[in-house]
Amino acid sequence: MIKNLNKYIALFLCAIAFSCTDKFDEMNTNPVEPTEIPPNMAIGNLLVNGNIAEWSRYQQAYTLYSSLYSQYFANTTNYFSSGRYIMNLGWIDYGYFRTQYWEATRMYDDIKKYSEKYPGYDNHYWIARIQYELSSARTTDQIGDMPYTEGGRGFDYPKYDSQEFIYNSVLNGLDSAYTMLGQFTDQATYGAEDVIYGGDLQKWKQLANSLMLRYAVRVSKVDPELGRKYGTLALSRDLMASNSDNASVMTDPHSYMRGHPLFEVAWWNEFRMSRTMQKQLTETSSTITDPRMYLYFTKVTHDDVNEATLQNYIKLNDEGRLTDFTYAQNRNDENLYTVSFYKGVENGLPANEIPALGNNPGDNCNIGPMFNNDSRYKIMSYAEVCFLKAEAAYLGWGGNAEASYQEGIRASWEYLSSLSETQNFLSGADPAKMDIEEYIKGLPTFTGAEMQNIQTQKWIANYPDGCEAWAEVRRTGFPKLMPIKQNDSGINLTNGFIKKLPYTESEITINARNALDPNNNQGQGDGIDVSVWWDVD
């Protein structure tokens, strides 16, 4: 009797379980949360967050990492130590991993699924594809091998793809986007949601092709055949042809975290122009200081300086540390002075040296007139394309290297000098200091030092894109960076500089089988002294 009763109870419980699980998906679905997001709603989020164009992630990706390691900026606060190569894995996770997997991959996949299910969204898909490949290339450039095919796609332990595989896929994806984009002429473009080009599909095609040239050049040392294949293809098609083709994200200072991210974080006094940047801007040409310095950075001015402090500034100037140094006696007090100058600070200063005169934020240049809170956030420029064409010509892919090189310098200046943000400064500036042709006259002889000349000017023109600058410095060795003052990592770095960012704590904890695989990064494993695939020198 008891046995039969137990049998009936078991059958009853099974029936209940079946009826419950049969409704499980329905019961556990939020009725007010959308399961599909139309691409016209998703594309703006992808373009903003996929480009790290909001300040909290920008700070952790750029001003605490890549912009320090490219030496556009140097750290000027003693409570951050990433400039001395102490890694905060949480910042890397938030700045790069979450951007890649929570934003770029997730939004791209949503757009892809929607476009496959509903007609009329093909162009949106190919725009999303361009952005996804751009985001993926940026991320792998910083960290090396990474979850690309499975990362952010619901896999418990996403595999790590080699950077070689990722670059092949990126190049192929950009090639496909160029070919396919715009074939569907009857589709809406949703210009307001396209915060880069406002729905202009021809400019998106040019961006896809220009990015393809960027990445073809990047692999030209490690895989010359692959580089030539895609590089010559890109050169045969539409590239950015003027500054009107520049790719930049429209910012919105009235929306939370959507003002220009560099402008937002610059006033926290955590970084300033680096000494390397100062030297490149003031010593590259033998005729005049690079006019771009005056638009990139703001002059330091101190009022009410006493005699002893003035003598210290005069000493710094005598040591060649100050640019455009002037001082004048205070009109109201003959014992006080006003001093002004341009100055950059060394990278990797020990924490106890940062407060000293000459090292602190107040004695070094902050960002300059080219930035406002609503300035557009640059992604890729015509000037960069010119320098890519110059290197392509140097590699024998066709074209005139020196002509493209000079065109890149002029394009960089024309872009800066045409910005509405810079007009007030330029209207009161000394014309002799703003003469880009005079600057070009004093540049080193091009022939015999082609790569150094091209890469130095590309580094200057790409400011403030620290990710691109750091990638190219590692790939080419130019411009020559200054050794950091102190390395606190405890690792004896091969050439004195960090080579890539390490994998994050969450990856090491949750996905250890893949993140800690010693076969990653060409059998080097992980670490800050590990070269990425294309870094072969």
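Guide: On a 1 Å grid over the protein atoms alone, a cavity is a set of points where a 1.4 Å probe fits but cannot get out, a pocket is an open set with protein on both sides within 12 Å along at least five of seven lines, and lining residues have an atom within 4 Å of a point. Points are joined across faces, edges and corners, and a volume is the space filled by probe spheres set on them. The model is predicted, with local features needing pLDDT of at least 70 and side-chain atom pairs pLDDT 80 or more, while totals for chains, interfaces and linings use all residues. Residues are numbered from 1 along each chain as its sequence is written, and side-chain values use heavy atoms, without hydrogens and water.

Visitor: OK, how many cavities of 30 Å³ or more are there?

Guide: The count comes to six cavities of 30 Å³ or more, and the largest cavity has a volume of about 70 Å³.

Visitor: Which residues line the largest cavity?

Guide: Among them are Leu-68, Tyr-69, Asn-347 and Phe-497.

Visitor: And the second largest cavity, what space lies in it?

Guide: About 60 Å³, and its lining includes Asn-243, Lys-378 and Tyr-415.

Visitor: Switching to pockets, what lies nearest the centre of the largest one?

Guide: Ser-248, Arg-376, Tyr-377, Lys-378 and Ile-379 lie nearest the centre of the largest pocket, which is lined by 29 residues and holds about 460 Å³ of space.
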